[in-house]
Amino acid sequence: MRISWTSIPTWLLFSWTSPVPSLSLFQDEAGQHDFTLVTAGHGIYGSTFAVVSSDQQSVLTSSCCSPSFSSSSSSSSSSSGALALSAWQSSLSSDSCFVTSRSLKSGKVQWRRNACSSRSLDQSSSSSSPSSPSSQDNRIRHAVYSFPDKDTFVTLDQVGTLRVWNDIHGELIMESSLVTSTFNHLGGIPRIVALGNELLGGILTRRSSGAQDEPNKEKEEEEVLVFFTTQGYQNDVQMIGAREILAKANKGKSGTENAFPSILGIISEDSFVGDSNVRKNGEGKEKGDRFFIVAGWTYRDDDDVGATTTFWREMALVPMVIQKKKHNDDNDDVDTYVIQLENQGKALNHHGDKDALLSSSIKMQRGGGKICAKRVNNLQAVVDEEMVCYSPFKQTEDHVSMAQVDDSTFIHCKTMTVTPTSIHMDEDMIQSMHLLQCTDFFVTFLVSTRDGVTKLYEMKRGNEPALLWEQEEGLSDASSAIFLDKDAVAMIIDGEEDEKNKGKFQDEEEEFLQSLTFSSRMTSQWKAISSFVMGGFVQHIRDLVSKSDDSNHAGSSPKSDIFGLNKVAVILSNNFHKVIALDTSSKGSIVWKLNLNSNAVWHKVIHGTATSRSSALGQGKHHPHSPEILVLSYSTGQIEWKCVDGLRGHILAQSTLDITSDIVQIVPIHGHSHGNNGCKQGAGLILSDGSVVFLPGAQNVENNLFTHVISKDTGILRSMKVHVSDDGKGSVDVVGETVFDPKMERIINVAYPQRNEVIQSPFTILGDDSLVLKYLNPHLCVIITEATVQHMEELEMNSNELLEALNSLDVEKSKTKKKPVGVTPSSEESVKVPKQASIIPTLFVNVVDTVSGQVLHRTSHSHASLGAVSTAPSNVPVVISENWIIYAFVNQKSRRTEIGVLTLHEGMIDKHGITAFSTPEQQLTFSSFTSQKPIVLAKTYAVNYPVSAIG
């Protein structure tokens with residue numbers, strides 16, 4: 001083959017002007033993560049504990065309620081002499097079990113450790129103690145304590161397991177447990193008492209006294225303080241009980257029967273500096289760390305505010321001395337201590353208190369010298385506006401504001417003070433503030449906000465605080481998520497050409513039709529020729545080279561552009577009251593955030609239409625990939641809505657509307673933007689009184705809209721048609737109803753097809769070239785029900801017609817069977833198959849049309865034996881894709897997990913049924929009322945492992 005040199009320029013010109021080579025997705029590219037976002041995982045209460053690591057390179061955070069006492073006021077946000085948390089912790093409790101390390105420079109999560117034991121999570125929250133916690137307080141799973149000037153921190157879980165960790169790499173150094181039946185961690189609430197000692201700490205727990213061999217003797221319970229070191233619990237398990245502490249102040253007994261001896265906190269001796277009455281009690285004692293233990297008799301009543309209370313007159317203040325024990329051997333690696341109570345205990349003999357005190361709110365007033373607590377008035381309500389402060393030695397009482405005592409929303413470092421005003425934030429938006437670093441020249445502090453953001457600030461002397469970084473924690477508590485197409489879907493009017501309409505969306509239909517006109521085509525071709533003449537071919541060559549390697553470029557890749565993989569994930573967090581949008585093509589970077597009404601009961605993000613119809617086959621009336629979303633926030637008697645550009649976060653329209661009844665259903669409505677002031681996404685609110693409210697308005701609604709309501713309590717699926725009157729009001733008429741008798745079966749799961757799902761093909765080609773038509777009903781719904789315990793008991797007690805029919809069927813199947821001729825010698829008798837016990841169906845898969853309310857298909861399985869049906873609903877995951885229904889369950893008969901598959905078909909066309917001269921008769925339109933029911937093929941497959949979810 002000979003190549004002419006004169007053809008080379010022609011070939012180069014052809015390559016310059018040729019289109020971009022086609023790209024493909026390969027198998028090894030499927031299933032790969034686009035990005036991974038790691039959060040601290042602290043839940044809705046954020047970081048309630050924060051401390052800098054020993055190498056000063058990271059910050060440790062947790063959502064526990066640990067005391068922050070330290071002997072040095074420069075290393076803690078709390079003032080010197082803070083009181084340890086008392087009986088039932090503060091209201092900022094969380095079920096999170098994580099301790100997280102973030103980089104102090106960037107805020108990136110370096111590691112995260114689970115501080116809870118598996119049996120700690122399964123432990124029952126019930127307690128027979130008169131001071132057992134409320135269900136809300138039982139969410140606390142762990143406590144954290146960081147030893148001063150050490151590279152370790154300690155975690156304590158609900159069952160008393162103490163773990164020592166390295167604070168730099170998160171390595172577990174050791175763990176120790178209180179293995180004794182005499183200790184109970186107060187219904188599973190772990191509490192660590194910070195003593196300010198570099199090697200010693202304590203935990204608060206409950207001890208039952210009395211010998212186990214005396215069952216008739218009533219056991220006495222009390223709170224005790226158990227001490228531990230960096231090596232775990234001490235070998236001799238040193239402890240101090242609340243009864244012993246109260247006895248030192250002649251408070252060994254209480255006048256009330258249901259009183260419980262409790263340890264309410266620890267106060268350092270430095271807290272009372274300046275009070276001449278304090279030092280007299282400690283004169284002549286050996287040198288050592290000296291503290292004051294606050295103990296008292298606490299009370300709990302089922303009719304009160306759900307927390308323990310106490311009185312000043314029931315409390316005592318007793319000095320405690322901690323001394324390091326001298327070793328007589330060469331084992332210098334083990335540190336032991338001697339803890340002694342002094343005899344000069346002081347009762348808080350204040351007789352003027354009338355109201356009870358909330359024991360969990362007891363803390364030290366800033367500046368020292370007074371113990372403060374919240375009051376509980378005669379109406380059994382906690383008074384949050386002020387606190388009562390009592391001087392134990394002067395026996396005086398003052399009423400102060402919360403701001404004078406509560407230190408969770410301010411930072412004080414030497415002569416520098418930081419308040420919410422300093423960082424331009426409202427005090428109500430701040431969850432907590434934590435001092436991390438304090439010097440003579442600068443202060444570093446961490447702020448956790450109520451909307452789920454963690455921020456790190458640095459303030460230099462004489463300057464305002466500067467934000468170093470912030471991290472979004474709301475992603476750890478996502479309620480729902482939708483994905484919006486980022487490429488070639490939203491048509492934006494160029495702002496330079498039309499400044500009036502800048503940033504507004506046109507309808508996709510209008511834009512598409514406009515692009516097909518003759519003038520638009522000529523304009524597009526002229527721009528292409530002009531670009532080529534002005535050097536576009538050079539840029540084309542560069543694009544060919546650059547697109548050959550996608551990994552060299554950040555952001556979206558050519559494959560993502562071509563295959564439509566560039567998305568914006570819109571994530572709703574109900575607990576944090578916000579919407580967050582992530583760009584999938586830029587490693588999950590946050591595009592925009594929208595804060596919602598924090599007083600709302602719930603929030604919803606509405607997008608698309610009410611069915612799974614797609615425009616791929618011409619079924620969708622409007623384009624399903626609209627970037628507009630509707631955000632609803634419901635408060636009692638009021639609904640607030642925002643029409644938002646989901647790609648950029650612009651609010652296109654918003655308003656509030658009063659409603660008179662409860663909302664029972666929300667129907668997504670997608671229409672024309674000109675009908676609702678530029679907002680195409682709408683919703684219809686079906687109210688309990690039968691009326692319908694349309695948001696933003698009724699201009700997009702037609703009279704052929706159907707919806708339905710499912711009640712799991714009554715087992716009723718009710719199909720309804722929505723009517724729109726001329727004045728914009730709506731109503732519903734019931735067109736169909738299906739009842740699943742709640743006495744016999746209960747609804748455990750409901751599944752729908754994916755909205756806007758693209759159907760790849762409406763048929764399946766068989767091996768002989770015949771076609772199997774898929775049953776593509778956009779109104780399908782799968783309802784999984786299971787037999788109730790009551791119904792199963794009735795089947796077991798009474799032999800009804802169903803049971804007899806199943807038994808007769810089993811008898812026919814279990815008749816005498818013979819092996820094939822020639823397998824068994826004629827002299828041998830036939831092998832008989834024993835009759836098996838009948839298996840009663842207990843799990844039902846119901847395929848329902850939500851427009852007509854008809855049950856299209858119903859199949860059953862035996863996932864539980866008679867008498868073994870649990871009162872808790874079974875986990876039966878199910879998913880619908882095109883004409884496939886896939887679900888997983890446990891088969892009681894085979895005793896294994898099985899995957900059930902249903903395929904729905906409309907019919908079949910022979911290979912000669914469609915030719916150039918013949919066309920089969922088909923129904924061109926689909927109706928839920930008149931169309932034939934599907935032909936269902938079923939099959940089950942066995943798997944080796946249980947299935948928890950299908951997606």
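Which residues do ring pairs link into a cluster with Trp111? The legends below take up this point and others in a predicted model.

**View 1. Aromatic cluster and a charge over a ring.** Phe153 and Trp165 are the residues that ring pairs join with Trp111 into a cluster. Across the structure, 11 aromatic pairs are found. Also shown is Arg112, whose charged end sits over the ring of Phe98, 4.1 Å from the centre of that ring.

**View 2. The stacked pair of Trp602 and Tyr634.** Among the 11 aromatic pairs of the structure is that of Trp602 and Tyr634, with ring centres 5.3 Å apart. Their planes stand at 15 degrees, and the pair is therefore stacked, since planes under 30 degrees apart count as such. Trp602 belongs to strand 35 (residues 602-606) and Tyr634 to strand 36 (residues 628-635), so the pair ties together parts that are 32 residues apart in sequence. Trp602 counts as partly exposed, at 21% relative accessibility, whereas Tyr634 counts as buried, at 13%. Lys604 lies over the face of Trp602, at 6.0 Å from the ring centre.

View 3. Four strands form an open sheet in the order 35-36-37-38, and their pairing is antiparallel. Strand 35 and strand 38 (651-658) stand at the edges; each has a single partner strand, so one side of each is left without a neighbour in the sheet. On average, neighbouring strands of this sheet are turned by 15 degrees against each other, direction ignored. Strands of a sheet pair through backbone hydrogen bonds, in either a parallel or an antiparallel manner. Strand 35 and strand 36 run antiparallel and are joined by five bridges. Ile606 stands opposite Leu630, a residue of strand 36.

**View 4. The tilted pair of Phe706 and Phe929.** The ring centres of Phe706 and Phe929 lie 6.0 Å apart. Because their planes stand at 55 degrees, the pair is tilted. This pair links distant parts of the chain, 223 residues apart. Phe706 is in strand 42 (residues 705-711), and Phe929 is in the loop between strand 53 (896-909) and strand 54 (935-943). Phe706 counts as partly exposed, with 24% relative accessibility. Phe929 is likewise partly exposed, with a relative accessible area of 45%.

**View 5. The cis peptide bond at Pro696.** The peptide bond that leads from Leu695 to Pro696 is cis, and its omega is near -5 degrees. Pro696 is located in the loop between strand 41 (691-695) and strand 42.

View 6. Is Asn250 buried or exposed? Asn250 counts as exposed, because its relative accessibility is 73% and the limit for this class is over 50%. Asn250 is found in the loop between helix 3 (242-248) and strand 15 (260-268). Its phi is near 60 degrees, a positive value in a residue other than glycine. Asp769, which is not a glycine, has a positive phi of about 70 degrees. Asp769 has its place in the loop between strand 46 (763-765) and strand 47 (771-774). With a relative accessibility of 52%, Asp769 counts as exposed.

Methods
Residues are numbered from 1 along each chain as its sequence is written. This is a predicted model: local features need pLDDT of at least 70, side-chain atom pairs count only at pLDDT 80 or more; totals for chains, interfaces and linings use all residues. Side-chain values use heavy atoms; hydrogens and water are left out. Rings of Phe, Tyr and Trp (its six-membered ring) pair if their centres lie within 6.5 Å; planes under 30 degrees apart count as stacked, over 60 as edge-to-face and the rest as tilted. Helices (H or I, at least four residues) and strands (E, at least two) are DSSP runs, numbered from the N terminus. Buried means under 20% relative accessible area, exposed over 50%, partly exposed in between (1.4 Å probe, protein chains only). A charge sits over a ring if NZ of Lys or CZ of Arg is within 6 Å of the ring centre and within 35 degrees of the ring normal. Two strands pair if DSSP finds at least two bridges between them. Axes are lines fitted to C-alpha atoms, for helices over the stretch in contact, and angles run from 0 to 180 degrees between N-to-C directions.
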